[in-house]
Amino acid sequence: MNKNWRWLGLAFVIIAFVAFLAMWLFPDSIRLLRRDNTWRTMQTNGVWRVGMDPSFPPFESLNDAGQPAGFDVALAEQIATAWGLEVELVPIGFDSLLDALQTGQIDSVISALPFDERMTQDITYSAPYFESGIFLATRPDAGIQGVEDLVNQTVGVEWGSMGDQVGRRLHTTTPTLQLQPFDTPAETISALVEAQTVDAILIDNVTLRMAQVNGAALVAVGPVLESNPFVIAMPTTAYELHAAVAQQLTTLQATGGLAALEARWFVD
Amino acid sequence: MNIRWLRQLLWPAVERPRRLLAIRIGLLLVAGIGLIWGGLWLWRTYGTARVPLGPQQTVVTINSKIGVHTRLTDEVEPWKIKRTLEMVRAMGAPWIVEYFPWAYAEPSPGRYDWSHHDLVIEHANRQGLTVIARLGFVPEWARPKDSTPLYLAEDQFPAFANFAAEFVKRYAGKVEYVIIWNEPNLSLEWGYQPVSPEKYVAMLRAVYPAIKAANPAIQVLAGALAPTLAPPGSADGMNDLIFLQRMYDAGAADYFDLLSIHAYGWYSDPDEAPAADVVNFRRSELLRAIMVENGDGDKDAMITEGGWNDHPRWTRAVRPSQRIAYTLRAYELAATEWPWLQAVGLWAFRYPWDAKSYQDYYTFVRTDFEPKPLYLEVQRYAEGKSP
């Protein structure tokens with residue numbers, strides 16, 4: 001065996017080992033070697049293809065002209081404008097959105113999409129832009145600051161809903177809490193605000209914000225009791241897109257842009 | 001082949017004693033890895049299975065027709081299987097429908113692995129539950145390459161019959177009901193072939209006698225048709241009412257003992273009148289009428305899938321409060337007005353993991369075993385309490 005070949009082989013093994021060690025210790029460094037084709041294609045074409053199921057007002061639905069409109073549509077347009085891109089809204093059934101993303105039919109999903117930890121190996125998610133989970137809500141003058149104040153209180157829930165489930169959970173730790181079920185969210189809110197037959201309600205944040213923006217005198221107290229955050233989904237390889245979305249969401253949060261979207265779209 | 005150069009490359013000029021030491025260390029490492037792997041295999045195979053069955057239980061309920069379709073097929077942890085079945089019993093449901101895939105039990109021809117099926121059936125029996133076993137899911141060796149596990153060619157019907165016979169023989173006295181296949185009127189469930197009532201009857205003709213020969217006491221359910229309004233010639237499937245009539249025309253009556261019905265309510269209440277162009281809970285009555293018209297009125301039926309969904313975005317869903325009210329009414333309707341129906345196995349008790357789709361809103365219990373309000377209301381109903 002030629003002595004040079006032996007050294008060459010040894011050098012190869014050492015280089016491979018060091019490279020493997022570096023990738024293992026600093027996984028982010030691998031990104032330097034990869035291209036974000038999603039982001040580059042968006043820049044080349046000047047278009048951000050966003051998948052959504054326009055059947056969930058106020059986040060996305062079809063307006064009188066048959067065009068998608070709503071919180072998510074406006075959010076996508078604002079982000080794209082900041083990038084100097086056009087938005088192409090691609091209507092897709094809710095259960096097929098992530099498949100469409102993974103097969104490259106779209107660049108992102110913005111469709112009141114809840115975060116799913118189980119999908120994080122296949123999908124990259126943004127930070128939440130809206131928390132749709134269950135909150136305790138009450139009248140501003142009710143003197144209830146959180147679930148610790150529910151002793152001997154009557155709490156309204158929509159029968160069978162996640163709010164009902166959270167209420168039954170609270171009942172196990174606060175047995176004097178009385179749950180009052182109603183058939184619909186509207187009846188539940190009415191019982192709190194108008195009839196005042198309940199002291200508080202457990203309700204999802206979409207319904208709560210809709211009621212607030214439409215003038216109902218009720219406030220959320222305490223932290224979210226069952227989280228269900230809405231996020232933007234992107235391909236795992238789209239790390240530049242992910243960073244750009246993160247930056248835009250941070251900006252919108254800091255400048256009140258997200259609050260303005262709620263005020264604009266959470267109306268009857 | 002001379003590999004001396006490779007040895008020299010990877011292991012240059014090492015002294016013999018050191019080489020021997022390295023070989024010994026290597027062998028020790030291999031033996032250690034082998035021991036760890038073997039220990040893990042033993043623990044997975046036998047250790048986790050040692051979840052005690054517990055004392056014999058009975059189901060206490062005011063409605064003996066309450067049932068659910070469990071989803072234990074892919075539930076690998078024995079304690080979760082036991083916990084699921086305990087909760088079914090505690091809800092007051094005496095019946096479960098469960099899927100027992102052929103591919104899991106017979107991974108190669110004639111070589112059986114019953115461990116998972118044993119686990120489910122033993123725990124179900126111990127909880128006092130009656131098991132309705134759904135059979136299907138073709139192993140790779142019994143179907144062409146690149147076909148789906150729901151594809152079964154006619155020349156493999158005897159192999160399926162053989163498996164079904166082995167199944168009912170093994171579980172004699174433990175499983176009294178088996179369903180042959182699932183929703184054969186959907187192309188998806190028929191291995192993406194054009195659906196064919198006649199071919200399904202050919203399957204029944206092959207499987208039924210084999211089952212009866214192996215265990216004459218077993219009751220064989222057929223049908224399990226998907227409620228669908230698929231138009232004639234649809235590539236997706238065939239209208240269930242038409243499919244059932246064609247089953248009878250092909251001579252199905254002699255090859256099943258009960259009809260399996262899928263009764264989904266979609267957005268209608270359970271009392272909505274049945275109609276041929278509507279999918280609702282009482283569509284079951286139309287299937288029953290076809291049985292009677294074909295002189296099969298002496299046979300009973302069972303609902304082995306069905307129910308309502310309360311997903312906030314699915315177009316065929318109802319409000320959560322409606323789902324509870326409709327479900328309770330469906331169980332009551334079956335108990336008081338449908339003497340020809342033995343059980344109502346609604347879809348689905350619990351999933352092993354979240355589907356993160358509308359499917360999650362069919363369940364009675366969350367994946368973490370927290371009961372949904374629906375579960376607690378059915379439990380109250382089964383105890384004779386008002387909602």
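**Exercise 1. Domains of chain B**

Task: State how far apart the C-alpha centres of domain 1 and domain 2 of chain B lie.

Solution. Start with the bounds. Domain 1 of chain B covers 15-47 and domain 2 covers 61-382. These bounds come from an automatic or database domain assignment. Now take the centres. The C-alpha centres of domain 1 of chain B and domain 2 of chain B are 48 Å apart. The model is predicted: local features need pLDDT of at least 70, side-chain atom pairs count only at pLDDT 80 or more, and totals for chains, interfaces and linings use all residues. Residues are numbered from 1 along each chain as its sequence is written, while chains are lettered from A and ligands numbered from 1 in the order in which they are written.

**Exercise 2. Chain B as a whole**

Task: Give the helix and strand counts of chain B, its span along the principal axes and its share of buried residues.

Solution. Count the elements. Chain B has 11 helices and eight strands. Both are DSSP runs numbered from the N terminus: helices are H or I with at least four residues, strands are E with at least two. Next, the span. The C-alpha trace of chain B extends about 90 × 50 × 45 Å along its principal axes. Then burial. Of the 387 residues in chain B, 42% are buried. A residue is buried if 20 or more other C-beta atoms lie within 10 Å of its own, exposed if 12 or fewer, and partly exposed in between, with C-beta atoms placed from the backbone. Last, contacts. Among contacts in chain B between residues at least 6 apart in sequence, 74% join residues at least 24 apart. Two residues are in contact if their C-beta atoms, placed from the backbone, lie within 7 Å.

**Exercise 3. The barrel of chain B**

Task: Describe the sheet of chain B and one helix that packs on it.

Solution. Trace the order. Eight strands of chain B form a closed barrel, 1-2-3-4-5-6-7-8, with parallel pairing. Neighbouring strands of this sheet are turned by 30° against each other on average, direction ignored. Two strands pair if DSSP finds at least two bridges between them. Take one pair. Strand 3 (130-136) and strand 4 (177-180) of chain B run parallel, joined by four bridges. Within this pair, B:Ala133 has B:Val178 of strand 4 as its bridge partner. Axes are lines fitted to C-alpha atoms, for helices over the stretch in contact, and angles run from 0 to 180 degrees between N-to-C directions.

**Exercise 4. Helix 6 of chain B**

Task: Check the length of helix 6 of chain B, then list its buried residues and what covers them.

Solution. Helix 6 (157-170) of chain B has 14 residues, so at 1.5 Å a residue it should span 20 Å. The expected span is 1.5 Å times one less than the number of residues. The end C-alpha atoms of helix 6 are 20 Å apart, which agrees. Its buried residues are B:Ala159, B:Phe160, B:Ala161, B:Phe163, B:Ala164, B:Phe167 and B:Val168. The cover includes strand 2 (95-101), helix 4 (102-105), strand 3, strand 4 and helix 7 (197-214) of chain B.

**Exercise 5. The five-stranded sheet of chain A**

Solution. In strand 12, A:Ala137 is partnered by A:Ile201 and A:Leu136 by A:Leu202. Five of the five residues of strand 9 of chain A are buried, so strand 9 is largely enclosed by the rest of the structure. A:Ile134, A:Leu136 and A:Thr138 point one way, A:Phe135 and A:Ala137 the other.
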